[in-house]
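Colleague: Please pick a single part of this model and take me through it closely. Keep it plain, and then show me how the surroundings connect to it.

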Amino acid sequence: MSVSQRTNLITRMGLMIAAAFILSYIESLLPPLSAIPGIKAGLANIPTLIALYTLGSWEAAIVSFVRIILAGITFNGIPAMIYSLAGATLCLAVMITMKKIGIFSITAVSAFGGVCHNIGQLAASSVMIGLPILNYLPVLIISGTVAGAFVGIVTTLTLKHLRVLA
Amino acid sequence: MTFFKKQDLIIYALVLILFVCSFFLWGRTTGSTGDIVVISVNGSEKMTLPLNEDTEVLVNGFLGLTCNVVVQNGTVRISEATCPDKLCARHEPISKDGESIICLPARITVTVRSSKPSDIDAIAR
(Lines give C-alpha, C1' and ligand atoms only; values in the text may rest on other atoms or scores of the structure.)
Protein backbone atom coordinates (compact mmCIF):
# COMPACT_ATOMS: atom_id res chain seq x y z
CA MET A 1 0.00 0.00 0.00
CA SER A 2 1.49 3.33 -1.05
CA VAL A 3 1.57 6.38 1.19
CA SER A 4 -1.21 8.12 -0.73
CA GLN A 5 -3.41 5.00 -0.59
CA ARG A 6 -2.85 4.75 3.14
CA THR A 7 -3.67 8.44 3.58
CA ASN A 8 -6.81 7.92 1.53
CA LEU A 9 -7.90 4.99 3.72
CA ILE A 10 -7.19 6.82 6.99
CA THR A 11 -9.13 9.86 5.75
CA ARG A 12 -12.16 7.78 4.77
CA MET A 13 -12.13 5.92 8.09
CA GLY A 14 -11.87 9.21 9.99
CA LEU A 15 -14.83 10.50 8.01
CA MET A 16 -16.90 7.40 8.83
CA ILE A 17 -15.99 7.54 12.55
CA ALA A 18 -16.95 11.25 12.65
CA ALA A 19 -20.27 10.56 10.90
CA ALA A 20 -21.03 7.61 13.19
CA PHE A 21 -20.17 9.67 16.28
CA ILE A 22 -22.52 12.49 15.23
CA LEU A 23 -25.32 10.03 14.39
CA SER A 24 -24.87 8.43 17.84
CA TYR A 25 -25.19 11.85 19.42
CA ILE A 26 -28.31 12.74 17.41
CA GLU A 27 -29.84 9.43 18.39
CA SER A 28 -29.12 10.02 22.08
CA LEU A 29 -31.10 13.29 21.84
CA LEU A 30 -34.21 11.60 20.43
CA PRO A 31 -36.88 10.63 22.98
CA PRO A 32 -36.87 6.87 23.77
CA LEU A 33 -39.36 4.88 21.71
CA SER A 34 -40.25 2.50 24.54
CA ALA A 35 -39.54 1.71 28.18
CA ILE A 36 -37.60 -1.36 27.05
CA PRO A 37 -33.87 -0.59 26.82
CA GLY A 38 -32.30 -1.29 23.42
CA ILE A 39 -35.18 -0.33 21.12
CA LYS A 40 -33.71 2.30 18.83
CA ALA A 41 -33.03 2.99 15.17
CA GLY A 42 -29.28 2.29 15.26
CA LEU A 43 -28.40 5.15 12.91
CA ALA A 44 -24.72 4.89 13.85
CA ASN A 45 -24.64 1.56 12.07
CA ILE A 46 -24.99 3.35 8.68
CA PRO A 47 -21.32 4.49 8.55
CA THR A 48 -20.22 1.05 9.81
CA LEU A 49 -22.07 -0.59 6.91
CA ILE A 50 -20.68 1.93 4.42
CA ALA A 51 -17.19 1.18 5.74
CA LEU A 52 -17.87 -2.56 5.43
CA TYR A 53 -18.93 -2.23 1.78
CA THR A 54 -16.41 0.40 0.63
CA LEU A 55 -13.32 -0.14 2.83
CA GLY A 56 -13.29 -3.64 4.31
CA SER A 57 -14.00 -5.85 7.32
CA TRP A 58 -11.29 -4.62 9.68
CA GLU A 59 -12.00 -1.01 8.77
CA ALA A 60 -15.71 -1.49 9.58
CA ALA A 61 -14.82 -3.07 12.93
CA ILE A 62 -12.50 -0.18 13.80
CA VAL A 63 -15.16 2.41 12.85
CA SER A 64 -17.72 0.62 15.02
CA PHE A 65 -15.53 0.14 18.12
CA VAL A 66 -13.97 3.62 18.04
CA ARG A 67 -17.44 5.15 17.70
CA ILE A 68 -18.78 3.16 20.69
CA ILE A 69 -15.84 4.08 22.91
CA LEU A 70 -16.07 7.77 21.93
CA ALA A 71 -19.83 7.85 22.53
CA GLY A 72 -19.39 5.92 25.80
CA ILE A 73 -16.87 8.29 27.35
CA THR A 74 -18.65 11.45 26.15
CA PHE A 75 -22.43 11.07 26.42
CA ASN A 76 -23.74 7.48 26.47
CA GLY A 77 -22.04 6.47 29.71
CA ILE A 78 -19.77 3.55 30.54
CA PRO A 79 -22.53 1.03 31.46
CA ALA A 80 -24.23 1.47 28.07
CA MET A 81 -20.82 1.24 26.39
CA ILE A 82 -20.15 -2.22 27.87
CA TYR A 83 -23.44 -3.58 26.50
CA SER A 84 -22.84 -1.89 23.13
CA LEU A 85 -19.37 -3.45 22.81
CA ALA A 86 -20.81 -6.92 23.40
CA GLY A 87 -23.56 -6.28 20.86
CA ALA A 88 -21.21 -4.77 18.28
CA THR A 89 -18.80 -7.72 18.47
CA LEU A 90 -21.53 -10.23 17.61
CA CYS A 91 -23.14 -7.87 15.07
CA LEU A 92 -19.84 -7.29 13.21
CA ALA A 93 -18.92 -10.98 13.20
CA VAL A 94 -22.27 -11.84 11.65
CA MET A 95 -22.34 -8.97 9.13
CA ILE A 96 -18.77 -9.63 7.95
CA THR A 97 -19.57 -13.34 7.52
CA MET A 98 -22.79 -12.60 5.64
CA LYS A 99 -21.01 -10.13 3.35
CA LYS A 100 -18.31 -12.75 2.64
CA ILE A 101 -21.00 -15.31 1.73
CA GLY A 102 -22.05 -12.70 -0.79
CA ILE A 103 -25.60 -13.69 -1.70
CA PHE A 104 -27.52 -11.40 0.65
CA SER A 105 -28.72 -7.83 0.10
CA ILE A 106 -27.38 -5.04 2.34
CA THR A 107 -30.86 -4.84 3.89
CA ALA A 108 -30.71 -8.46 5.04
CA VAL A 109 -27.11 -8.14 6.27
CA SER A 110 -28.08 -5.08 8.31
CA ALA A 111 -31.34 -6.60 9.61
CA PHE A 112 -29.63 -9.73 10.89
CA GLY A 113 -26.79 -7.58 12.23
CA GLY A 114 -29.38 -5.59 14.20
CA VAL A 115 -30.87 -8.77 15.66
CA CYS A 116 -27.41 -10.04 16.63
CA HIS A 117 -26.50 -6.69 18.17
CA ASN A 118 -29.54 -6.96 20.44
CA ILE A 119 -28.82 -10.61 21.26
CA GLY A 120 -25.21 -9.76 22.16
CA GLN A 121 -26.33 -6.89 24.36
CA LEU A 122 -28.88 -9.07 26.14
CA ALA A 123 -26.33 -11.85 26.63
CA ALA A 124 -23.92 -9.40 28.27
CA SER A 125 -26.63 -7.87 30.44
CA SER A 126 -28.09 -11.22 31.50
CA VAL A 127 -24.63 -12.16 32.82
CA MET A 128 -24.27 -8.87 34.70
CA ILE A 129 -27.87 -8.25 35.79
CA GLY A 130 -29.69 -11.55 35.87
CA LEU A 131 -31.94 -13.75 33.80
CA PRO A 132 -35.24 -11.80 34.01
CA ILE A 133 -33.88 -9.53 31.28
CA LEU A 134 -34.27 -12.37 28.78
CA ASN A 135 -38.02 -11.58 28.85
CA TYR A 136 -37.16 -8.72 26.48
CA LEU A 137 -35.63 -11.02 23.87
CA PRO A 138 -38.70 -11.52 21.60
CA VAL A 139 -39.37 -7.77 21.44
CA LEU A 140 -35.70 -7.00 20.81
CA ILE A 141 -35.46 -9.55 17.98
CA ILE A 142 -38.34 -7.86 16.15
CA SER A 143 -37.12 -4.32 16.85
CA GLY A 144 -33.61 -5.30 15.73
CA THR A 145 -34.94 -6.65 12.44
CA VAL A 146 -37.06 -3.58 11.69
CA ALA A 147 -34.36 -1.09 12.70
CA GLY A 148 -31.66 -3.08 10.88
CA ALA A 149 -33.70 -3.31 7.66
CA PHE A 150 -34.34 0.46 7.81
CA VAL A 151 -30.61 1.14 8.28
CA GLY A 152 -29.85 -1.26 5.42
CA ILE A 153 -32.19 0.58 3.04
CA VAL A 154 -30.69 3.96 4.02
CA THR A 155 -27.19 2.53 3.47
CA THR A 156 -28.13 1.15 0.04
CA LEU A 157 -29.43 4.59 -0.99
CA THR A 158 -26.30 6.29 0.39
CA LEU A 159 -23.97 3.92 -1.46
CA LYS A 160 -25.92 4.62 -4.66
CA HIS A 161 -25.31 8.36 -4.24
CA LEU A 162 -21.65 7.67 -3.44
CA ARG A 163 -21.63 5.84 -6.81
CA VAL A 164 -20.43 2.62 -5.23
CA LEU A 165 -23.48 0.72 -6.43
CA ALA A 166 -24.69 0.95 -10.00
CA MET B 1 -29.35 -1.58 -6.86
CA THR B 2 -31.73 -3.82 -4.95
CA PHE B 3 -33.10 -3.59 -1.46
CA PHE B 4 -34.21 -7.20 -1.35
CA LYS B 5 -32.98 -10.44 -2.88
CA LYS B 6 -34.66 -13.82 -2.98
CA GLN B 7 -31.88 -15.29 -0.80
CA ASP B 8 -32.76 -12.78 1.94
CA LEU B 9 -35.75 -14.96 2.77
CA ILE B 10 -33.32 -17.42 4.44
CA ILE B 11 -32.33 -14.67 6.86
CA TYR B 12 -35.89 -13.54 7.57
CA ALA B 13 -36.93 -17.17 8.14
CA LEU B 14 -34.01 -17.53 10.57
CA VAL B 15 -35.14 -14.41 12.43
CA LEU B 16 -38.66 -15.84 12.66
CA ILE B 17 -37.30 -19.10 14.12
CA LEU B 18 -35.20 -17.14 16.64
CA PHE B 19 -38.28 -15.11 17.55
CA VAL B 20 -40.39 -18.21 18.20
CA CYS B 21 -37.59 -19.93 20.15
CA SER B 22 -37.00 -16.83 22.29
CA PHE B 23 -40.46 -17.25 23.81
CA PHE B 24 -39.37 -20.47 25.51
CA LEU B 25 -36.06 -19.21 26.87
CA TRP B 26 -37.18 -17.90 30.24
CA GLY B 27 -40.29 -18.51 32.34
CA ARG B 28 -42.90 -16.38 30.62
CA THR B 29 -45.55 -14.52 32.53
CA THR B 30 -48.19 -16.97 33.68
CA GLY B 31 -50.95 -14.40 33.36
CA SER B 32 -51.89 -14.87 37.00
CA THR B 33 -51.25 -12.13 39.54
CA GLY B 34 -48.09 -12.54 41.59
CA ASP B 35 -47.85 -11.77 45.29
CA ILE B 36 -44.18 -10.98 45.98
CA VAL B 37 -41.70 -8.50 44.54
CA VAL B 38 -38.08 -9.63 44.17
CA ILE B 39 -35.48 -6.88 43.83
CA SER B 40 -32.03 -7.87 42.56
CA VAL B 41 -28.86 -5.85 42.05
CA ASN B 42 -26.00 -7.17 39.90
CA GLY B 43 -27.75 -10.52 39.59
CA SER B 44 -28.00 -11.22 43.31
CA GLU B 45 -31.25 -10.99 45.24
CA LYS B 46 -31.32 -7.99 47.57
CA MET B 47 -34.82 -8.01 49.03
CA THR B 48 -38.30 -9.45 48.75
CA LEU B 49 -41.42 -7.37 49.41
CA PRO B 50 -45.07 -8.41 49.67
CA LEU B 51 -47.11 -7.01 46.76
CA ASN B 52 -50.21 -6.32 48.88
CA GLU B 53 -48.52 -3.84 51.24
CA ASP B 54 -47.93 -0.28 50.02
CA THR B 55 -44.24 0.59 50.50
CA GLU B 56 -41.48 2.66 49.00
CA VAL B 57 -37.83 1.54 48.88
CA LEU B 58 -34.74 3.31 47.61
CA VAL B 59 -32.52 0.70 45.95
CA ASN B 60 -28.80 1.31 45.53
CA GLY B 61 -27.45 -0.10 42.29
CA PHE B 62 -24.27 -0.23 40.24
CA LEU B 63 -22.05 2.91 40.16
CA GLY B 64 -24.09 4.52 42.94
CA LEU B 65 -27.15 4.81 40.70
CA THR B 66 -30.45 4.51 42.58
CA CYS B 67 -34.03 3.56 41.76
CA ASN B 68 -37.04 4.37 43.93
CA VAL B 69 -39.29 1.30 43.92
CA VAL B 70 -42.93 1.93 44.84
CA VAL B 71 -45.42 -0.81 45.73
CA GLN B 72 -48.97 0.55 45.51
CA ASN B 73 -52.44 -1.05 45.12
CA GLY B 74 -50.99 -4.46 44.30
CA THR B 75 -48.68 -3.13 41.55
CA VAL B 76 -45.02 -2.18 41.57
CA ARG B 77 -43.22 0.52 39.59
CA ILE B 78 -40.04 2.60 39.65
CA SER B 79 -41.08 6.17 40.41
CA GLU B 80 -37.70 7.86 40.17
CA ALA B 81 -34.22 6.88 39.04
CA THR B 82 -30.83 8.53 38.86
CA CYS B 83 -29.72 6.55 35.81
CA PRO B 84 -28.97 8.48 32.59
CA ASP B 85 -31.79 7.19 30.37
CA LYS B 86 -34.59 6.84 32.98
CA LEU B 87 -36.25 4.17 30.87
CA CYS B 88 -37.12 2.16 34.00
CA ALA B 89 -39.16 5.06 35.41
CA ARG B 90 -41.18 5.17 32.18
CA HIS B 91 -42.17 1.51 32.46
CA GLU B 92 -45.85 0.98 33.36
CA PRO B 93 -46.62 -0.64 36.77
CA ILE B 94 -46.40 -4.44 36.82
CA SER B 95 -48.35 -7.00 38.85
CA LYS B 96 -48.33 -10.33 36.97
CA ASP B 97 -46.16 -13.30 37.90
CA GLY B 98 -42.95 -13.22 35.84
CA GLU B 99 -43.15 -9.57 34.74
CA SER B 100 -40.14 -7.41 35.46
CA ILE B 101 -38.84 -3.85 35.23
CA ILE B 102 -35.14 -3.55 34.55
CA CYS B 103 -32.81 -0.60 34.99
CA LEU B 104 -29.84 -1.51 32.78
CA PRO B 105 -27.36 1.20 33.88
CA ALA B 106 -28.01 0.59 37.60
CA ARG B 107 -28.22 -3.20 37.07
CA ILE B 108 -31.42 -3.38 39.11
CA THR B 109 -34.23 -5.81 38.33
CA VAL B 110 -37.68 -5.70 39.92
CA THR B 111 -39.56 -8.93 39.27
CA VAL B 112 -43.04 -9.98 40.37
CA ARG B 113 -43.19 -13.61 41.48
CA SER B 114 -45.74 -15.91 42.98
CA SER B 115 -44.79 -17.45 46.33
CA LYS B 116 -46.90 -20.49 45.44
CA PRO B 117 -44.77 -22.90 43.39
CA SER B 118 -46.07 -23.29 39.84
CA ASP B 119 -45.27 -25.83 37.12
CA ILE B 120 -43.76 -23.19 34.86
CA ASP B 121 -41.31 -22.03 37.52
CA ALA B 122 -40.30 -25.61 38.21
CA ILE B 123 -39.40 -26.05 34.55
CA ALA B 124 -37.63 -22.70 34.25
CA ARG B 125 -35.37 -23.55 37.16
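Modeller: Start with β6(B) and β7(B), which pair in the antiparallel sense over four bridges. Keep in mind that this is a predicted model.

Which strand is it, and how many bridges does it share with β7(B)? It is β1(B), residues 36-41, and the two strands share six bridges. The pairing of β1(B) with β7(B) is again antiparallel. B:Val41 has B:Ile108 as its bridge partner in β7(B). B:Ile39 has B:Val110 as its bridge partner there.

Four of them make an open sheet in chain B, in the order β2-β1-β7-β6, with antiparallel pairing. β2(B), residues 44-50, and β6(B) stand at the edges. Each has a single partner strand, so one side of each is left without a neighbour in the sheet. From one strand to the next, the twist averages 15°.

Back to β7(B) itself. Is it mostly covered or mostly open? Mostly covered: six of its six residues are buried. Follow the side chains. B:Ile108, B:Val110 and B:Val112 point one way. B:Thr109, B:Thr111 and B:Arg113 point the other way. Both sets are buried, B:Arg113 included.

Next, the contact between the chains. Chain B puts 32 residues into it, and chain A puts in 34 residues. On the side of chain B that touches chain A, α1 (8-22), α2 (87-90), β6 (100-103) and β7 (108-113) each supply at least two residues. α1(B) gives the most, with six residues. By class, this side of chain B has 17 nonpolar, ten polar and five charged residues.

Finish with two stops in chain A. First, helix α4(A), residues 78-101. Its 24 residues reach 34 Å from the first C-alpha to the last, close to the 34 Å expected. Its buried residues include A:Pro79, A:Tyr83, A:Gly87, A:Cys91, A:Leu92, A:Met95 and A:Met98. What covers the buried residues of α4(A)? The cover includes α2 (45-54), α3 (57-76) and α5 (106-128) of chain A. Just after α4(A) comes A:Gly102, with a positive phi of about 85°.

Second, A:Val151, found in helix α6(A), residues 137-161. Why does A:Val151 count as buried? Because A:Val151 has 24 C-beta neighbours inside 10 Å, and the cut-off for buried is 20 or more. Leaving out residues up to four places away in sequence, A:Val151 touches A:Gly42, A:Leu43, A:Asn45, A:Ile46, A:Leu49, A:Ser110 and A:Gly114. Take A:Gly42 from that list. A:Val151 and A:Gly42 are 109 residues apart along the chain, yet their C-alpha atoms are separated by 7.2 Å.

Terms used. Residues are numbered from 1 along each chain as its sequence is written. Chains are lettered from A and ligands numbered from 1 in the order in which they are written. This is a predicted model: local features need pLDDT of at least 70, side-chain atom pairs count only at pLDDT 80 or more; totals for chains, interfaces and linings use all residues. The expected span of a helix is 1.5 Å times one less than its number of residues. A residue is buried if 20 or more other C-beta atoms lie within 10 Å of its own, exposed if 12 or fewer, and partly exposed in between; C-beta atoms are placed from the backbone. Two residues are in contact if their C-beta atoms, placed from the backbone, lie within 7 Å. Ala, Val, Leu, Ile, Met, Phe, Trp, Tyr, Cys and Pro count as nonpolar, Asp, Glu, Lys and Arg as charged, and the others, Gly among them, as polar. Two strands pair if DSSP finds at least two bridges between them. Axes are lines fitted to C-alpha atoms, for helices over the stretch in contact, and angles run from 0 to 180 degrees between N-to-C directions.
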